[in-house]
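Student: I am new to this structure. Could we go through some parts of it together?
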Amino acid sequence: MTDLYADRRSFLTAGAAGFGLLGLPGAARATASGFTHGVASGDPKQASVILWTRYRPANGGETSIRVEVAEDERFRRIVSRGEGVASPNADHCVKLRPAGLKPGRWYHYRFIAEGGDRSPPGRTRTLPARGTNPFRIAVMSCANKEFGFFNGYAHVAARDDVDLVIHLGDYIYEWGTGQHSQAAKAMADRAALPPGETVTLADYRARYADYRADPDLAALHARLPMISIIDDHEVANNSWRGGASNHDASEGTWDARKAAAMQAYHEWLPMPDTPYDRYDIGDLGAIFRLETRLLARDEPLDLGDALKGAANPLKAAAAFRDGPLADPRRTMLGAAQERWLGDGFAASVKAGQRWQILAQQVAMGPMVLPAQAPGWFDAPPPAATVDRLKLGVAAAKLGLPFSMDNWNGYPAARTRLLDSAIAAKADLITLSGDSHNAWAFDLASGNRAAGVEFAGQSIASFGFEARFTADPARIAADLVAANPALRWCDTSRRGYMTVTLTSDSARSDWTMLDTVRRRSLAVTGTTTAQVAHGARKLEMA
């Protein structure tokens, strides 16, 4: 597979670079003139798609930009045009949505500046009005540049069988160099710019400029349309509607920081500013893009805080489980988005669409810490680490999850979502990111099957292997044994998923890359899970 893709990858990288600018580092390219960061497309609909580029004239001012959309790569059959302005007010980024395109078609596009400069070309696709059988989606998340190369992006860009990319978030990371708890594992030659933590609009713009300078990310954007979703690191770690664990008063107000981060995101990504949306894949299914981070999410709970000073920790933990954790008022989506989603499930099923697909940020499947977790080390870990793990094991015996930052920390909200899918008779597939590891879950509300979850490993961010040194196969076996809904997991490898939809089944293939510590397209294996239409239960290959 490595040799098969090598020549194509080189071609794509050169094409995305255009005029050699992708050879410049991000900081230099951000102030260079011309089309500095290639092209991208996103938010595809059945008759339109957002097209993106960045153009900076030599004088640094505004300039008019035109776009041409063609049926052929030589631009002899142009079918749509559009015009916009690349302005310093939007960091010289321009987004256009030419209309009048036909459903389920591949198109080629390019931008033209006032003086005649042309961007490198891009390729994009509209969504089908009738089911295309099969329809294949590459699903990815969590690309911390400092911890590895974006080989997963390159691998997808080299494929000819992908129709759409869904990026589930953590497209950038806000950390400053050396600030991460695992900073010792960062790669010096992958250090992100600016070197400090991103807080201001200028910071976030510079970080996007740096990430988008990566040739593998540029190749992916030039090759395929993307639906992207905001998770926490686009703003700050473990964010919620009122703050984040990685934000304090010395960095200004949370609202100001969030506004700066969102402005930069919407400048640099070919997505609209609607927080959630629906995408129809003909009669095959509907994709529901959710917002679970910034709009309505309540602050994550902390079991450690609940146990501080408790005379009887087990009694306090049980009270935490039955009280704050179970509180039905706690939400991830907010009431308006919950209603929108429930109505969307019902409408999709009524329209005869085969699959109802959630594209959202964090894991949904129920999971507790196995009793064997304190032994997941080749050598004795620090005493504080053992104490934390023992607390997690004790909590697990009370049914408490080991992560409160995903749907496990909002069980009533999760039940409401699953119940709405069951009530609509939906064939639910949940696509999740954030965790950096790969998971396959059956989802249920009580004893009623609700659907399945395909959760993807990261593009570059480290997973369990950075914190636990025992054999990853042993760790995975312990996790599966302790969690009945968990059918399979991989806790040590990077890569991406492809989800293939047909009328009769939905299949996820987890592609495992050999390494992210150097540029490589080598693959160590693929794991497959699928669900038959109407079954709402996984089958592992």
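Tutor: Let us begin with Cys-93, which has a relative accessibility of 5% and is therefore buried (buried means under 20% relative accessible area, exposed over 50%, partly exposed in between, with a 1.4 Å probe and protein chains only). This is a predicted model, in which local features need pLDDT of at least 70, side-chain atom pairs count only at pLDDT 80 or more, and totals for chains, interfaces and linings use all residues. Residues are numbered from 1 along each chain as its sequence is written, and side-chain values use heavy atoms, with hydrogens and water left out.

Student: How many disulfides does the structure hold?
Tutor: The number of disulfides is zero, where a disulfide is a pair of cysteine sulfur atoms within 2.5 Å. For Cys-489, the nearest cysteine sulfur is that of Cys-142, 16 Å away.

Student: Is Cys-489 buried or exposed?
Tutor: Cys-489 is buried, at 6% relative accessibility.

Student: Now Asp-91: where is that found?
Tutor: Asp-91 sits in the loop between strand E4 (78-86) and strand E5 (93-96); strands (E, at least two residues) and helices (H or I, at least four) are DSSP runs, numbered from the N terminus. Asp-91 has a relative accessible area of 12%, so it counts as buried.

Student: What is Asp-91 in contact with, leaving aside neighbours within four places in sequence?
Tutor: The contacts of Asp-91 are Arg-54, Arg-205, Glu-267 and Trp-268, contact meaning heavy atoms within 4.5 Å.

Student: Changing topic, which residues of helix H12 are buried?
Tutor: In H12 (residues 472-482), the buried ones are Ile-475, Ala-476, Asp-478 and Leu-479. They lie on the same side of H12, because they cover an arc of only 160° around the axis, taken from the directions from the helix axis to the C-beta atoms.

Student: Why would residues some places apart point the same way?
Tutor: An α-helix has 3.6 residues a turn, so residues three or four places apart point the same way.

Student: And which residues are exposed on the other side of H12?
Tutor: Ala-473 and Ala-481 are exposed there. The buried residues of H12 are covered by elements including strand E15 (438-445) and strand E17 (486-490).

Student: Last one: where is Thr-126 found?
Tutor: Thr-126 belongs to the loop between strand E7 (122-125) and strand E8 (135-140). Thr-126 is buried, with 1% relative accessibility. A polar atom of the Thr-126 side chain lies 2.6 Å from the backbone oxygen of Lys-102, and one lies 3.0 Å from the backbone nitrogen of Arg-105.

Definitions and conventions: A polar contact is a pair of N or O atoms within 3.5 Å; within protein, one must be able to donate a hydrogen and the other to accept it, and residues adjacent in sequence count only if both atoms are side-chain atoms.
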